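User: I am new to reading protein models, and I would like to learn how to look at one feature at a time. Could you guide me through this one?

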Amino acid sequence: MPKNTKVTQREHSNEPVTESVADLLSLEHPMDYKSSQMSMGLSPGSTAPVKALLPSPDPDAEDGRPAWNNKLEYILAQVGFSVGLGNVWRFPYLCQKNGGGAYLVPYLILLILIGIPLFFLELAVGQRIRRGSIGVWNYVYPRLGGIGVSSLMVCGFVGLYYNVIIGWSIFYFFQSFQYPLPWAECPIHRNGTQAVVEPECEKSSATTYFWYRQALNITSSIDDTGGLNWKMTLSLLVAWIMVCLAVIKGIQSSGKVMYFSSLFPYVVLFCFLVRGLMLKGAVDGIAHMFTPKLEKMLEPQVWREAATQVFFALGLGFGGVIAFSSYNKRDNNCHFDAALVSIINFVTSILATLVVFAVLGFKANVMNEKCVVENAEKILGYLNTGVLSRELIPPHINFSHLSSQDYAEMYAVIKTVKEENFAQLGLDPCILEDELNKAVQGTGLAFIAFTEAMTHFPASPFWSVMFFFMLINLGLGSMIGTMTGITTPILDAFKIRKEILCVVCCIIAYLLGLLFVLRSGNYFVTMFDDYSAGLPLIVVVILENISVAWIYGTKRFMQDLEDMLGFRPYSFYFYMWKFVSPAVLVVLICATVIEMAISPAGYNAWKHLTKPSLLGSDRFQSYPPWALAMAYALIVVAMLPLPIVFIARHFSLISDGSNKLSVSYRKGMMKDISNLEEQDEQRFILSKNPSEAPSPMPAHRAYLGPGGTQEMTNTNYGTSTKTGYQNIGSPESEL
């Protein structure tokens with residue numbers, strides 16, 4: 001500060017300073033970061049500072065940084081990011097696989113233990129420090145600044161293949177504008193007067209054939225690239241243009257898009273639910289969903305998959321949550337936001353599961369009736385040829401109106417009488433429960449099971465258009481959050497035009513994404529989905545938790561939250577952040593590593609005419625050595641910034657990333673003090689007791705140091721003023 005300013009003159013004089021300035025300075029939590037002894041074994045004099053989260057490091061936090069137009073836009077953005085395709089096709093699959101209604105119990109428990117607390121943590125640090133993921137973790141603990149870089153890289157990997165799924169949905173969306181739907185029936189080839197059904201389609205199904213052969217035109221293995229699929233290449237281009245237009249203006253454009261992309265899927269889900277409940281067999285599907293298999297709750301695998309789903313459902317570790325919250329006002333109630341968005345996410349998963357099971361219940365009944373008809377024709381043939389005696393058929397059975405119960409009774413009689421030769425008859429049991437137990441996840445659910453069910457809907461093109469338009473919007477909402485998690489840290493670090501950055505990122509991503517629109521591209525999508533995000537994200541989140549709860553300090557963080565929110569969060573969060581969440585995450589990391597070690601690394605390859613014996617089916621195939629190396633390289637590359645940044649900053653090879661923030665904050669403080677001088681000269685003149693003057697700031701509580709006994713506060717301001725100024729600008733000493 002210049003020596004001739006009034007504030008400096010008073011600092012060197014015996015005149016006391018006004019309490020309002022003292023209150024302003026007290027928000028810094030004055031302490032010498034170089035001499036402070038932090039937890040996790042940091043010694044005095046460490047060059048890796050842990051700064052107070054309370055002061056905003058951005059001088060333009062209130063007037064220069066973009067901000068949400070209103071709270072609704074922000075909530076919709078967070079909901080759009082967290083509610084994605086996983087809610088529609090991952091959660092229902094896990095629910096079906098892991099005991100139906102019983103799966104909801106571990107999911108809810110883990111949502112409370114790790115989901116909401118860690119979501120609240122990310123919202124809080126982003127909102128208070130007002131930086132993207134890189135800036136936030138550089139500021140909290142520079143040695144772990146690699147957390148933000150790893151988040152950015154994972155966002156990049158996920159964005160590359162996630163937008164391909166939107167491209168697939170765009171392709172199906174435009175294919176839906178025709179009747180009948182192109183995947184409703186198998187193609188028929190004319191050979192003169194003879195009509196021949198495509199063998200590959202006849203062996204599988206019309207929807208399966210359309211997905212693998214017409215849409216993906218997939219090869220038989222990952223080794224055979226097959227060249228670009230031009231239809232999907234164009235669809236991917238459209239998808240990236242949509243994403244670019246949605247985020248090109250930052251939150252000013254993405255906030256507007258969220259009004260539609262976040263709300264429209266709920267309209268479609270409710271429409272599908274109402275329509276689905278009117279379908280025959282829908283009740284069977286929903287009853288199957290809510291029939292709990294309690295023995296499943298004792299299996300560790302169920303808890304691991306529930307924890308993973310909670311983890312990904314809220315978008316933890318991606319940086320999108322932090323980026324969105326960094327555009328909030330400092331006093332925004334992020335505690336309420338964390339609970340609200342988590343509840344909306346869970347309710348959406350339940351709603352989507354109801355829709356999926358209603359439709360799958362209808363599909364199961366259709367397929368079961370088809371099975372009954374086909375096997376009844378076989379039995380009639382055996383009766384006409386004398387293979388079976390008509391005495392085996394109960395007298396009340398009418399083949400022209402054969403129900404599932406009648407067929408089950410007839411099947412049981414024939415199986416009992418013809419026990420020795422029964423297998424030669426080739427009859428299927430046609431049990432509805434077996435159809436309902438066929439677990440379908442991911443692309444198989446959306447592009448095979450759902451499309452097959454919709455072919456039986458009245459006005460099937462309309463429902464198909466609505467369904468894939470919903471998938472596009474769900475994916476777009478998640479992609480906006482993913483792109484924000486990439487662009488916000490870059491914009492914070494480099495002052496470039498967001499429009500230019502957005503366009504460049506989308507062009508690069510499209511070119512790299514051409515890998516996924518090769519004819520073998522679906523295999524690479526599976527690889528990236530399995531390896532690029534799972535383990536790296538869990539490591540990122542546990543380091544986020546440790547850096548705040550153990551290095552910065554849970555007590556200090558809780559006190560900062562109280563100053564920021566105006567109330568003290570529940571002690572529940574203290575124990576979750578300090579003990580429970582880290583323990584659960586460590587167990588999750590161990591379980592993930594064990595799962596990767598014992599599970600064979602591979603993919604489901606689609607076999608077609610090159611393998612006549614496996615025509616129209618998919619078979620598990622191990623990755624070749626080069627593909628396996630690529631899969632593990634994704635994990636290594638995503639986590640590599642963590643040790644590199646730690647080592648580089650430990651040995652002072654690179655800047656700690658905080659100097660710019662500290663100088664900016666000091667400039668902002670000087671501007672605030674200058675404004676106070678101009679507004680009211682009398683605010684700097686007080687009696688000897690500062691408490692006699694009224695303060696516009698809330699009462700500031702003393703911070704208890706690491707030992708919890710010494711209050712680090714200034715009781716005699718006349719002797720502490722200079723120290724307070726030094727502490728505010730203390731990081732400048734490294735400039």
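Predicted model: local features only at pLDDT ≥ 70, side-chain atom pairs only at ≥ 80, totals over all residues.

User: Is helix α10 itself largely enclosed or open?

Analyst: A residue is called buried under 20% relative accessible area, exposed over 50% and partly exposed in between (1.4 Å probe, protein chains only). Nine of the 10 residues of α10 (residues 206-215) are buried, so this helix is largely enclosed by the rest of the structure. Among the buried ones are Y209, F210, W211 and Y212.

User: Which residues does the "binding site" annotation cover?

Analyst: UniProt positions are given in the numbering used here, with feature names shortened, and annotations may be inferred rather than shown by experiment. In an unreviewed UniProt entry, "binding site" covers G80, V83, N87, N345, L474 and S478. They span 399 residues in sequence, yet no two of their C-alpha atoms are more than 12.7 Å apart, so they gather at one spot.

User: What do V83 and L474 touch?

Analyst: A contact means heavy atoms within 4.5 Å. V83, in the loop between α3 (71-82) and α4 (85-89), touches Y266, N345, T348, L474 and S478, not counting residues up to four places away in sequence. L474, found in helix α22 (residues 460-493), has contacts that include G80, V83 and P265, its neighbours within four places in sequence being left aside. V83 is buried at 4% relative accessibility, and L474 is buried at 5%.

User: How many aromatic pairs does the structure hold?

Analyst: Rings of Phe, Tyr and Trp (its six-membered ring) pair if their centres lie within 6.5 Å; planes under 30 degrees apart count as stacked, over 60 as edge-to-face and the rest as tilted. The structure holds 56 aromatic pairs, one of them the tilted pair of Y172 and F468, at 5.0 Å centre to centre with 35° between the planes. Y172 lies in helix α8 (residues 146-175) and F468 in helix α22, so the pair ties together parts that are 296 residues apart in sequence. Both Y172 and F468 are buried.

Methods. Residues numbered from 1 in each chain as written. Heavy atoms only, no water. Helix = DSSP H or I, 4+ residues; strand = E, 2+ residues; numbered from the N terminus.
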